[in-house]
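Please keep the sequence and the structure in view while reading.

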Amino acid sequence: MADSKPMAAIGSYEMALPFQAVGVKSVILTADNRNTFESELEKLAREDYAVVFIQEDLFVEFAGKVEEINDKYQTSVLPVPGPSGA
């Protein structure tokens, strides 16, 4: 049986907290640390996370970085709605 790889979620507290409740690593971004998104995503990809769920507005805002990660690493980066919905 293959080893399972970890998963993570990046977004606001409200978006990421439910993921944390089921064992997914949560990276909470606020207005003060939103500029760390690209480095956080790159770090998770380098650490061989299988899937990183990204709050939809971040996914759109940082589309270039998301595409780079999807091309360069085996990590799948997927958008999920934020607290205000899709």
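## Buried and exposed residues

A residue is called buried when its relative accessible area is under 20%, exposed when that value is over 50%, and partly exposed in between. At 12% relative accessibility, Glu42 therefore counts as buried. The model described here is a predicted one, and every value below was computed from it.

The other two classes can be illustrated in the same way. Asp3, which has its place in the segment before β1, counts as exposed because its relative accessibility is 74%. Ile28, found in strand β2 (residues 25–28), is partly exposed, with a relative accessible area of 30%. Together with Tyr13 and Leu17, Ile28 makes a nonpolar surface patch of about 260 Å².

Helix α1 covers residues 13–21, and its buried residues are Met15, Ala16 and Phe19. Seen down the axis of α1, these buried residues fall within an arc of 80°, so they line one face of the helix.

After α1 comes Gly23, whose phi is positive, near 90°.

## Helix α2 and what covers it

Which residues of helix α2 (residues 37–46) are buried? They are Phe37, Leu41, Glu42, Leu44 and Ala45. Around the axis they cover an arc of only 160°, which puts them on the same side of α2.

The cover over these buried residues includes the strands β1 (7–11), β2, β3 (51–55) and β4 (76–80), along with the helices α3 (56–61) and α4 (63–72). Just after α2, Asp48 takes a positive phi of about 65°.

## The nonpolar cores

The largest nonpolar core has 17 residues, and those with the most contacts inside it are Ile10, Phe37, Leu41, Leu44, Val52, Ile54 and Leu58. The elements that give two or more residues to this core are β1, α2, β3 and α4, and its largest share, four residues, comes from α2. Apart from this core lies another, of eight residues, among them Ala9, Ala16, Val24 and Val80.

If residues up to four places away in sequence are not counted, Leu41 touches Ile10, Val52, Ile54, Lys65, Val66, Ile69 and Val77.

## Salt bridges between helices and loops

How many salt bridges does the structure hold? There are six salt bridges. In one of them the side chains of Asp57 and Arg34 meet, at 3.2 Å from N to O. This pair links distant parts of the chain, since Asp57 is in helix α3 and Arg34 is in the loop between β2 and α2, 23 residues apart. Asp57 counts as partly exposed at 35% relative accessibility, and Arg34 also counts as partly exposed, at 27%.

Lys65 in helix α4 and Glu42 in helix α2 are 23 residues apart, and their pairing links distant parts of the chain. Lys65 is buried as well, because its relative accessible area is 13%, a value under the 20% limit. The side chain of Glu42 also meets that of Lys72 in a salt bridge (3.9 Å, N to O). Lys72 lies in helix α4 and Glu42 in helix α2, so this pair ties together parts that are 30 residues apart in sequence. Through shared partners, salt bridges join Glu42, Lys65, Glu68 and Lys72 into one network.

Key
Residues numbered from 1 in each chain as written. Predicted model: local features only at pLDDT ≥ 70, side-chain atom pairs only at ≥ 80, totals over all residues. Heavy atoms only, no water. Patch = residues over 30% accessible without salt bridge, like charges linked within 9 Å, V, L, I, M, F, W, Y side chains within 5 Å. Areas by Shrake-Rupley, 256 points an atom, 1.4 Å probe, with all protein chains shown as cover. Salt bridge = Lys/Arg side-chain N within 4 Å of Asp/Glu carboxyl O. Buried < 20%, exposed > 50% of the residue type's maximum accessible area, 1.4 Å probe, protein only. Arc of directions from axis to C-beta. Contact = heavy atoms within 4.5 Å. Core = buried A, V, L, I, M, F, W, Y, C linked by side-chain atoms within 4.5 Å.
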